[in-house]
Each structure stands twice: as C-alpha cells, then as structure tokens.
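Please prepare a briefing on the structure shown below, with the helices, the aromatic rings and a few individual residues grouped by topic.

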Amino acid sequence: MVRTPSPVQTAAVVDVVLVVLFVLFGRTSHGEQLSPGGFFTTFWPFLIGLAAGWGVARAWRRPMSIGHTGITVWVVTVVVGLLLRWVTGQGVQLAFVIVASIVLGAFLVGWRVLLAALDRRSTRPSSRSDRRR
C-alpha cells in the first residue's frame, strides 16, 4: 500500500530541495566545483538554519502557512546559515548576504505563496454556474 506524504513531510522535503538548489545555483554561478565536499561545505550551515527555522516556527503545526511558517523559516534559515558561515570562516560578504536573503526568501516563502494562490483559484466558485439563461 502506497501512502501519500503528509503536508509536513511534503513541506520539509520541498524546503530542503530548495536549499539544495540555492547551493547548487550559487556554486555553479561562481564556477565553483560541484564536488560533494564543496557542496556540503556550503550546504550544511543553511540546512542547520532551515532546521532551526522549522523549530522556531513550529512548522509542523502549519507547514504551508506563508506568514507564520514561511517567513519565519526564511529569516531563521538566512540568519543562522550566515552566522554559521561567519563562525567557521566561510565568506559572508555583503553581496552574498543580499543574494542569499533574496533567493532563499523567494524559494522558502515563494512556493507557499504559489500554493496558496493555486488553492484559492481551485476553491473559487465559478461565476458561470450562477448565470441564468
């Protein structure tokens, strides 16, 4: 029997995949190696930040929420990720801070906004069904 993933599982996987994409896009855009070690060096601070964001937001309660979960997860992911990079001697130049904030915001909040818009669209009553001839 195949089980459908819960909204919590789905949201967690989507968030992790988007952080992976953020790291991959960033590394390739700078011509950096996509070696496992290089990838993991960039990835782990943001993965820990993501986990912290889920904890702070208690994201398992409302995983698809834009305002409560999405924004909290985004901000905590960026702050913790950048702090861990700074503490471990990785780069935290202003340009990286700005790009990381924008991209992770678009990713971690954006998919929730898109999902909410699609949900509103699918539950909106059709105006044609109310028309009489």
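Which residues are buried in H1? In H1, the buried residues are Ala11, Asp15, Leu18, Val19, Phe22, Val23 and Arg27, where buried means under 20% relative accessible area, exposed means over 50%, and partly exposed lies in between, with a 1.4 Å probe and protein chains only. This is a predicted model, in which local features need pLDDT of at least 70 and side-chain atom pairs count only at pLDDT 80 or more, while totals for chains, interfaces and linings use all residues. Residues are numbered from 1 along each chain as its sequence is written, and side-chain values use heavy atoms, with hydrogens and water left out.

**Helix H1**

- H1 has 23 residues and reaches 32 Å from its first C-alpha to its last, close to the 33 Å expected at 1.5 Å a residue; the expected span is 1.5 Å times one less than the number of residues, and helices are DSSP runs of H or I with at least four residues, numbered from the N terminus.
- The buried residues of H1 pack against H2, H3, H4 and H5, with contact taken as heavy atoms within 4.5 Å.
- After H1 comes Gly31, whose phi is positive, near 70°.

**Helix H3**

- H3 covers residues 66-87 and has 22 residues, and the 30 Å from its first C-alpha to its last is close to the 32 Å expected at 1.5 Å a residue.
- The buried residues of H3 are Thr69, Gly70, Val73, Val76, Thr77, Val78, Gly81, Leu82 and Arg85, and what covers them includes helix H1 (7-29), helix H2 (36-57), helix H4 (94-108) and helix H5 (110-123).
- At the start of H3, a side-chain oxygen of Ser65 comes to within 3.2 Å of the backbone nitrogen of His68.
- Just after H3, Gly89 has a positive phi of about 80°.

**Packing of H1 and H4**

- Two packed helices are described by the angle between their axes and the distance between the axes.
- H1 and H4 pack at an angle of about 145°, with their axes 10 Å apart; the axes are lines fitted to C-alpha atoms over the stretch in contact, and angles run from 0 to 180 degrees between N-to-C directions.
- The contact is made by Asp15, Leu18, Val19, Leu21, Phe22 and Phe25 of H1, together with Phe96, Ala100, Val103, Leu104, Phe107 and Leu108 of H4.

**Aromatic rings**

- The count comes to 5 aromatic pairs, under a rule by which rings of Phe, Tyr and Trp (its six-membered ring) pair if their centres lie within 6.5 Å, with planes under 30 degrees apart counted as stacked, over 60 as edge-to-face and the rest as tilted.
- One of these is the tilted pair of Phe22 and Phe96, at 6.5 Å centre to centre and with 35° between the planes.
- This pair links distant parts of the chain, since Phe22 is in helix H1 and Phe96 is in helix H4, 74 residues apart.
- Phe22 counts as buried because its relative accessibility is 7%, whereas Phe96, at 21%, counts as partly exposed.
- The rings of Phe46 and Phe96 have their centres 6.2 Å apart and their planes at 65°, so the pair is edge-to-face.
- Phe46 in helix H2 and Phe96 in helix H4 are 50 residues apart, and their pair likewise links distant parts of the chain.
- Phe46 counts as buried at 0% relative accessibility, and Phe22, Phe46 and Phe96 form one aromatic cluster.

**Arg27 and Thr42**

- Arg27, in helix H1, counts as buried because its relative accessibility is 9%.
- Not counting residues up to four places away in sequence, Arg27 touches Glu32, Gln33, Leu34, Gly38, Phe39 and Thr42.
- Thr42 lies in helix H2 and counts as buried at 11% relative accessibility.
- Leaving aside neighbours within four places in sequence, Thr42 is in contact with Val23, Arg27, Arg85 and Gln90.

**Arg58**

- Arg58 is placed in the loop between H2 and H3 and is partly exposed, with a relative accessible area of 42%.
- The phi of Arg58 is near 50°, a positive value in a residue other than glycine.
- Arg58 and Val73 are 15 residues apart in sequence, and their C-alpha atoms are 9.3 Å apart in space.

Note on methods: Helices (H or I, at least four residues) and strands (E, at least two) are DSSP runs, numbered from the N terminus. A polar contact is a pair of N or O atoms within 3.5 Å; within protein, one must be able to donate a hydrogen and the other to accept it, and residues adjacent in sequence count only if both atoms are side-chain atoms.
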